[in-house]
Amino acid sequence: MGVDIFIYIGGFALLDTLSPTIIGVTLYLILTDNQRLTSRLFSYLLTVAILYFSLGIIMMLSLNYILEMFSDLFQNKIISWLLLIIGIILFVASFFVPTNKNKKGTMLKPKTQSLLSIVFIGIITFLIESGTALPYFAAIGLLTTNNLPYYYWLPIIAAYNIIMILPAILILLCYKLFGRWGNSALVNLQQKISSSSNSALSWIMSIVGLILIFYTVDYL
């Protein structure tokens with residue numbers, strides 16, 4: 001396993017830090033629940049990270065199993081061509097993602113501040129984001145094509161998920177350090193994220209597509 005695979009997967013993980021849903025819920029909790037903020041936010045982030053981590057394990061195990069069953073039909077060369085085609089489709093489709101004309105946008109919010117409600121929002125976030133988790137799926141695809149043993153890819157997936165929720169933790173730390181001085185900046189950030197989710201998706205699709213194209217062309 002070369003250094004390039006770490007660079008590609010690290011890039012995918014950084015792209016996943018742009019999740020408007022995770023950052024949006026984080027900002028909502030910071031601006032509305034100061035008393036139980038830390039416990040509620042970490043409950044939310046852990047719920048999302050654990051579900052994503054579990055999804056990664058399931059995908060790695062199932063993809064490896066499928067490859068073993070159909071090893072004669074689906075060689076790595078064919079998978080690389082498939083990743084190349086997916087990359088081209090993502091790059092082209094990124095130019096056709098409609099812009100969000102609603103300046104206020106839509107924001108995922110818990111109905112109450114109870115722990116159960118926070119965990120439920122974490123599950124909803126996972127269900128929404130996993131359907132468009134293009135960087136994560138691309139990272140799993142790269143790990144699969146390299147045929148890594150579990151003791152290599154397991155910590156990589158764990159590190160990926162830690163990086164994914166890191167911006168939310170950094171936002172919390174900044175809030176703890178600067179308190180109300182940064183409230184106006186957080187409100188502005190919340191509004192921008194809420195109204196630009198489609199734009200973020202377009203950029204992610206474009207970058208993931210390009211990375212897949214460059215990686216697979218080099219491999220082929």
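Predicted model: local features only at pLDDT ≥ 70, side-chain atom pairs only at ≥ 80, totals over all residues.

Student: Which residues of helix 1 are buried, and what puts them on the same side of the helix?

Tutor: The buried residues of helix 1 are Ile5, Ile9, Phe12, Ala13, Leu15 and Asp16. They cover an arc of only 160 degrees around the axis, and therefore they lie on the same side of helix 1.

Student: Why is Leu14 called exposed?

Tutor: Leu14, whose place is in helix 1, has a relative accessibility of 55%. Exposed means over 50%, and therefore Leu14 counts as exposed. Its C-alpha atom is separated by 9.6 Å from that of Leu166, although Leu14 and Leu166 are 152 residues apart along the chain.

Student: Is Thr17 buried or exposed, and how do you know?

Tutor: Thr17 lies in the loop between helix 1 and helix 2. Its relative accessibility is 13%, and because buried means under 20%, Thr17 counts as buried. Leaving aside neighbours within four places in sequence, Thr17 is in contact with Ile23, Ile163, Met164 and Pro167.

Student: What makes the pair of Thr17 and Leu14 a polar contact?

Tutor: A polar atom of the side chain of Thr17 lies 2.3 Å from the backbone oxygen of Leu14, and the cut-off for such a pair of N or O atoms is 3.5 Å. The distance of 2.3 Å therefore falls within the 3.5 Å cut-off.

Student: Why is Tyr175 called buried?

Tutor: Tyr175 is found in helix 7 and has a relative accessible area of 13%. As the limit for buried is under 20%, Tyr175 is therefore buried. Tyr175 and Leu27 are 148 residues apart in sequence, and in space they are 9.9 Å apart, C-alpha to C-alpha.

Student: How many residues does the largest nonpolar core have, and which of them have the most contacts inside it?

Tutor: The largest nonpolar core has 50 residues, and those with the most contacts inside it are Phe12, Leu29, Tyr44, Leu143 and Val208. Several helices each supply at least two residues of this core, among them helix 1 (3-16), helix 5 (115-130) and helix 9 (197-219). Val208, not counting residues up to four places away in sequence, touches Phe12, Leu15, Leu90, Leu134, Pro135 and Ala138.

Student: What do the values for the whole protein say?

Tutor: The protein has nine helices and zero strands, and of its 220 residues, 43% count as buried. Among the contacts with a separation of 6 or more, 85% are accounted for by residues 24 or more positions apart. The protein exposes about 12,200 Å², of which carbon and sulfur atoms supply 71%.

Notes. Residues numbered from 1 in each chain as written. Heavy atoms only, no water. Core = buried A, V, L, I, M, F, W, Y, C linked by side-chain atoms within 4.5 Å. Buried < 20%, exposed > 50% of the residue type's maximum accessible area, 1.4 Å probe, protein only. Helix = DSSP H or I, 4+ residues; strand = E, 2+ residues; numbered from the N terminus. Contact = heavy atoms within 4.5 Å. Arc of directions from axis to C-beta. Areas by Shrake-Rupley, 256 points an atom, 1.4 Å probe, with all protein chains shown as cover. Polar contact = N/O pair within 3.5 Å; in protein donor to acceptor, adjacent residues only side chain to side chain.
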